[in-house]
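The sequence and the structure are shown first, and the description follows.

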Amino acid sequence: MSSSNCDILIQGGGPVGLACAAWILQKFPDASVILLDRNPVNDEDLVNADSRGIALSHGSKLLLDTIHAWPKEFAQIHRVHVSQAGRFGRALMTREELKQDALGHIIRYRDIHVTLRQALRAIQTKSKNFAWKHISEGVEENIIQAKCVVHAEGGLFKKQDWVESGRDYGQSALVGLVEVENAAPHQAWERFTSEGPLAVLPSHYGSNILNLVWCGSPASSQHHLQLSDADFLDALQNEFGSRIGRFLKIQDRRLYELGLNYRKEIAKDNEVWIGNAAQTLHPVAGQGLNLGLRDAYLLSETLVDVFSGSEQSSIEIQNALQSYAQSRKADRKATIGLTDFMARVFTSNLAPVVVARGLALSALQWVPPIKTALARQMMFGRR
């Protein structure tokens, strides 16, 4: 077995690990960093990978712009309509009332992934102490000694090798691309049904080709996955209604199990956990990757401060990681709590809960400070 030494070892070549490496090297090109990546070496091998539409907030766009990692193909959200099927209560958020260029963006996961890989390659040309190692090349047999280990390899719920705190929502998300008859450009719809949220979101393919995220029980989600296209569209139409006309076509249906995992402590000794390795969230509020990118950006600032100075002791590194963990508590607590609350409350069919959430949606619509505070949390996180 061969061995390697570095200051910072980043385990995980997904978007959060890539972004963390890029921000470290951008701020401190001489940083001694090794990135371990389980993904293929060539971007072409990722073309048929995860095609889910992922929500990125305006705050995430601002962060990714700093490393020139914003994908070319994306769809902006200018309006979000939130309602509950067959019940009173609705809310409408617009970019104008919040004085933003966009409330958010929808991008294919694989496009985020590939764009970050390309951004990191551009940055690494000036970083002689950076090594990007693909496990497929036999890196798993190497021994790597690092002063700090960043765990950025989280994976999907129920496919993770860790479970510390959280809950299984007993839900699955069926995702795909759906063609509709009469969609307004840049409009996002979130409809809360008896089994969970149903979201229809913009895509870069055009105003009538939308991203679908339909959450329900594992049994009904599996049933919908196996339906013929015609029967599936009928079921979707019945659940969503006719606000955007008829559903005409469905493609690329996939199923994902949903739950919450989160680590109570995200730093221990010389190790730190970020992104899905620190917390895996329900997609109801579209906050998972956004929270992970904030983790990566703030951790990069912490690590640059530590390793760009004079010789670092293990105590100094541990203290820095504990300080980072403390700084992330408010944002993590608010984002995890909001997502968990929405995932549970908007699935309940108990009469008092149904009435209460209708009133909550109405309050959101008619009390601007509440709407603004919620929107800012979702766009920028807790500061």
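Predicted model: local features only at pLDDT ≥ 70, side-chain atom pairs only at ≥ 80, totals over all residues.

Is H68 buried or exposed? H68 is exposed, with a relative accessible area of 70%.

Residues are numbered from 1 along each chain as its sequence is written, and side-chain values use heavy atoms, with hydrogens and water left out.

**The chain as a whole**

The protein chain contains ten helices and 17 strands. Helices (H or I, at least four residues) and strands (E, at least two) are DSSP runs, numbered from the N terminus. Of the 383 residues in the protein chain, 55% are buried. Contact is defined by heavy atoms within 4.5 Å. Among contacts between residues at least 6 apart in sequence, 78% join residues at least 24 apart.

**Two helices and their spans**

The expected span of a helix is 1.5 Å times one less than its number of residues. Helix α1 (residues 15–27) has 13 residues and should therefore span 18 Å; its end C-alpha atoms are 18 Å apart, which agrees. Eleven of the 13 residues of α1 are buried, and the helix is mostly covered. Among the buried residues of α1 are V16, L18, W23 and I24.

Helix α4 has 16 residues and reaches 23 Å from its first C-alpha to its last, close to the 22 Å expected at 1.5 Å a residue. Its buried residues include R110, D111, H113 and R117.

R117 has its place in helix α4 (residues 109–124). With a relative accessible area of 0%, R117 is buried. Its side chain is joined to that of D43 by a polar contact of 2.6 Å. A polar contact is a pair of N or O atoms within 3.5 Å; within protein, one must be able to donate a hydrogen and the other to accept it, and residues adjacent in sequence count only if both atoms are side-chain atoms. Leaving aside neighbours within four places in sequence, R117 is in contact with residues including L18, N39, D43 and H134.

H134 lies in strand β8 (residues 130–134) and is buried, with a relative accessible area of 5%. A polar atom of the H134 side chain lies 2.8 Å from the backbone oxygen of N39.

**Residues in loops, and a helix residue**

Most residues other than glycine have a negative phi, and most peptide bonds are trans. H68 is not a glycine, yet has a positive phi of about 55°. D269 likewise is not a glycine and has a positive phi of about 55°.

| Residue | Location | Relative accessible area |
|---|---|---|
| H68 | loop between α2 (58–65) and β4 (75–77) | 70% |
| D269 | loop between β15 (267–268) and β16 (271–273) | 44% |
| G275 | loop between β16 and β17 (279–280) | 2% |
| Q318 | helix α8 (residues 314–345) | 26% |

Which residues does Q318 touch, not counting residues up to four places away in sequence? Q318 touches D269 and N270.

G275 counts as buried at 2% relative accessibility. Residues up to four places away in sequence aside, G275 touches V16, G292 and D295.

**The cavity**

On a 1 Å grid over the protein atoms alone, a cavity is a set of points where a 1.4 Å probe fits but cannot get out, and lining residues have an atom within 4 Å of a point. Grid points are joined across faces, edges and corners, and a volume is the space filled by probe spheres set on the points. The count comes to one cavity of 30 Å³ or more, and the largest cavity has a volume of about 90 Å³. The elements that give two or more residues to its lining are β10 (165–180), β13 (209–216) and β14 (247–262). Residues that line the largest cavity include R52, V175, N211, D252 and Y256. The lining divides into five nonpolar, four polar and three charged residues. Here Ala, Val, Leu, Ile, Met, Phe, Trp, Tyr, Cys and Pro count as nonpolar, Asp, Glu, Lys and Arg as charged, and the others, Gly among them, as polar.

Methods. Buried < 20%, exposed > 50% of the residue type's maximum accessible area, 1.4 Å probe, protein only. 1 Å grid on protein atoms, 1.4 Å probe; cavity = no way out; pocket = protein on both sides within 12 Å on 5 of 7 lines; lining within 4 Å.
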